[in-house]
Amino acid sequence: MPDIRVGKFDDIADGDHKIYATNGREVGVFRVGQNLHAWENHCPHAGGPICQGKIFGQVGEVLSPGKESRGLCYTGRKHIVCPWHGFEFDIETGKHPGDAHTRLRGIPVSVKDGDIYLTFNR
Amino acid sequence: MDDRAAPQSAVFELPKVDVMMDTRDLLAHAKKDTEKLQDYFVVDADGHISEFPFWQDIISRMDNDVYRDMARSFKDRPGSPPGLHNAVPGMLYQDMFGRIPHQQRQGEDAPAQPHKMVTLTQRAMDTMGLDYMVVLPTPMLVLGMHPQAEIEAAIGQAFNAWMVEDMIPHEPRMKNFIYLPFNDPDACLKEVEKYAANPAVLGYMVTSTRYRAVHHDAYMKVYAAIEASGKPITFHSGFHWGDESMKQCNRFLSMHAISFVYFNIIHMTNWIVNGIPERFPKMKVIWIESGLAWVPFIMQRLDSEYMMRTSEAPLLKRKPSEYMREMYYTSQPMERDNLELLESTFKAINAETQLLYASDWPHWDFDLPSSITQLPFLNEQQKRNILGLNAAKLFNLEVPKHKLGKANPGPVGAAAAAQGVRLVGE
């Protein structure tokens with residue numbers, strides 16, 4: 001199957017994402033700086049439309065040198081959150097923050113002449 | 001709207017989910033599994049509505065003029081709060097602070113006729129492939145903690161009238177468990193008797209979040225009436241962060257994980273140890289929305305203690321677990337991270353005959369029918385039983401002939417008789 005052009009790089013703002021449907025497949029394309037990451041729009045938990053969810057900052061917890069909690073914080077990494085049940089995944093690695101074996105299926109993505117192409121191997 | 005019917009070579013952009021998204025679009029991925037359920041009989045034993053958007057309609061059904069006027073007086077306050085209700089909106093964290101939009105609000109467009117609630121329920125049922133949904137309230141799950149028993153009774157009476165008399169007639173696939181205002185046993189009895197013969201009412205619901213001992217003598221007349229009705233009593237659990245023990249939990253996750261189980265464990269324990277199953281042997285009981293892992297836990301705890309301290313439970317003639325194995329349980333939220341443990345749980349509770357599928361839609365931890373069909377340790381007939389045929393027997397629902405399954409070859413009537421279910425039109 002040839003690469004499929006789904007949109008333009010400039011149409012996705014840094015830190016944002018778009019979700020495309022083509023040839024019976026649904027794929028979320030996420031932009032982080034000048035890089036793109038593409039994930040199948042299928043949550044490994046219950047099959048929800050993961051990429052149609054919202055991006056949230058990963059939440060961390062600040063500990064003092066004495067291991068006392070100093071409250072919640074944002075770590076700086078970004079997660080896509082499934083709108084069905086709240087499973088969340090790092091938009092750059094596709095991994096669940098608490099279980100690396102629970103992860104999104106990646107789709108090869110590339111940019112040629114400002115256009116975004118997806119490569120479907122099956 | 002996405003457009004999956006478009007030509008193969010086309011590229012479409014799908015929308016991001018927000019509170020305005022149509023239920024059918026939000027659950028579009030479930031539709032793929034629904035198409036495989038065409039010949040399954042599927043009953044959702046625990047679905048919900050959010051009643052606050054319709055609060056003015058509901059309180060208008062209060063029989064008592066004074067309480068009705070008291071509730072209505074809140075309409076002109078800032079934000080039109082749900083008058084007389086005891087919910088604490090600022091601590092409802094189920095939507096994970098915006099991560100799960102449909103738990104925040106179902107703001108989608110829907111026709112006002114016959115009623116938006118009916119349309120939202122129909123959309124969910126059609127998308128999930130349900131034949132019936134038992135439709136229950138949401139914030140009222142904490143109404144048992146209301147300090148005024150008379151207010152619980154007034155709201156409960158009004159909701160029951162609104163749901164059964166005003167809403168369900170628009171959609172026969174919607175069913176209901178009557179809300180029992182359990183802090184007022186006399187009011188409970190009145191509601192039981194009022195709806196005992198109503199076929200849209202499949203049972204009676206005690207919201208488990210409360211501090212009432214279910215074995216108190218004041219409830220015996222209620223149980224006698226429920227037993228006589230032939231409909232089951234149900235215990236629908238919930239959470240209460242204000243509970244002294246739950247206050248030790250600093251995160252909603254912790255409190256929610258424990259609280260739903262905690263209340264049903266207490267009620268189950270009192271129910272068994274005080275011999276309610278021996279006093280009312282024909283009364284059927286359903287335990288709702290505590291998951292399933294707690295059941296084998298408390299079975300083992302009670303059996304172990306009972307065998308040593310039998311003199312403290314003199315009404316029992318069998319081990320606690322034997323009574324529990326004859327009760328019914330709804331499936332959601334089903335713990336399925338460890339399938340070996342889940343399979344053991346299914347065996348412990350006789351899931352093949354005692355488990356009822358439940359979605360809990362539109363709540364954040366809902367389960368689709370695929371939560372049952374995808375379990376690798378169930379055979380075809382077991383899946384059919386859990387998804388709907390167990391409910392058909394328990395609630396005396398008619399089953400279309402083509403949804404009986406293929407496990408019982410021979411005449412359709414014989415297959416139905418073998419499974420103990422009624423066929424449509426017979």
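How many helices and how many strands does the secondary structure of chain A come to? I looked this up first, in what is a predicted model. I found zero helices and eleven strands in chain A. Reading along the sequence, I noted the pattern as β-β-β-β-β-β-β-β-β-β-β.

**Chain A overall**

I took the extent of the C-alpha trace of chain A along its principal axes, which is about 55 × 30 × 20 Å. Chain A has 122 residues, and 33% of them are buried. I then looked at contacts in chain A between residues at least 6 apart in sequence; 47% of these join residues at least 24 apart.

**Where chain A touches chain B**

I listed the residues on both sides of the contact and got 21 from chain A and 20 from chain B. On the chain B side, strand β1 (residues 11-14) gives the largest share, with four residues. I sorted that side of chain B by class and have eleven nonpolar, six charged and three polar residues.

I checked the pairings of strand β2 (residues 17-22) of chain A one at a time. Four bridges join β2(A) to β1(B), and the two run antiparallel. Six bridges join β2(A) to strand β3 (residues 25-32) of chain A, also antiparallel.

What stands opposite A21(A) in β1(B), and what in β3(A)? In β1(B) I found F12(B). In β3(A) I found E26(A).

**A helix pair in chain B**

I turned to helix α12 (residues 294-308) and helix α14 (residues 339-348) of chain B. Their axes come within 9 Å and cross at roughly 60°. An angle of 65 to 115 degrees would count as roughly perpendicular; α12(B) and α14(B) are therefore oblique to each other. I recorded the crossing of α12(B) and α14(B) as left-handed.

Which residues of α12(B) and α14(B) meet? From α12(B) I noted V295(B), P296(B) and M299(B), and from α14(B) S344(B), T345(B) and A348(B). By class, the residues of this contact are four nonpolar and two polar, with no charged ones.

Technical notes. Residues are numbered from 1 along each chain as its sequence is written. Chains are lettered from A and ligands numbered from 1 in the order in which they are written. This is a predicted model: local features need pLDDT of at least 70, side-chain atom pairs count only at pLDDT 80 or more; totals for chains, interfaces and linings use all residues. A residue is buried if 20 or more other C-beta atoms lie within 10 Å of its own, exposed if 12 or fewer, and partly exposed in between; C-beta atoms are placed from the backbone. Two residues are in contact if their C-beta atoms, placed from the backbone, lie within 7 Å. Ala, Val, Leu, Ile, Met, Phe, Trp, Tyr, Cys and Pro count as nonpolar, Asp, Glu, Lys and Arg as charged, and the others, Gly among them, as polar. Two strands pair if DSSP finds at least two bridges between them. Axes are lines fitted to C-alpha atoms, for helices over the stretch in contact, and angles run from 0 to 180 degrees between N-to-C directions. Angles under 35 degrees count as roughly parallel, over 145 as roughly antiparallel, 65 to 115 as roughly perpendicular and the rest as oblique. A crossing is left-handed if the near helix is turned anticlockwise from the far one by less than a right angle, and right-handed if clockwise.
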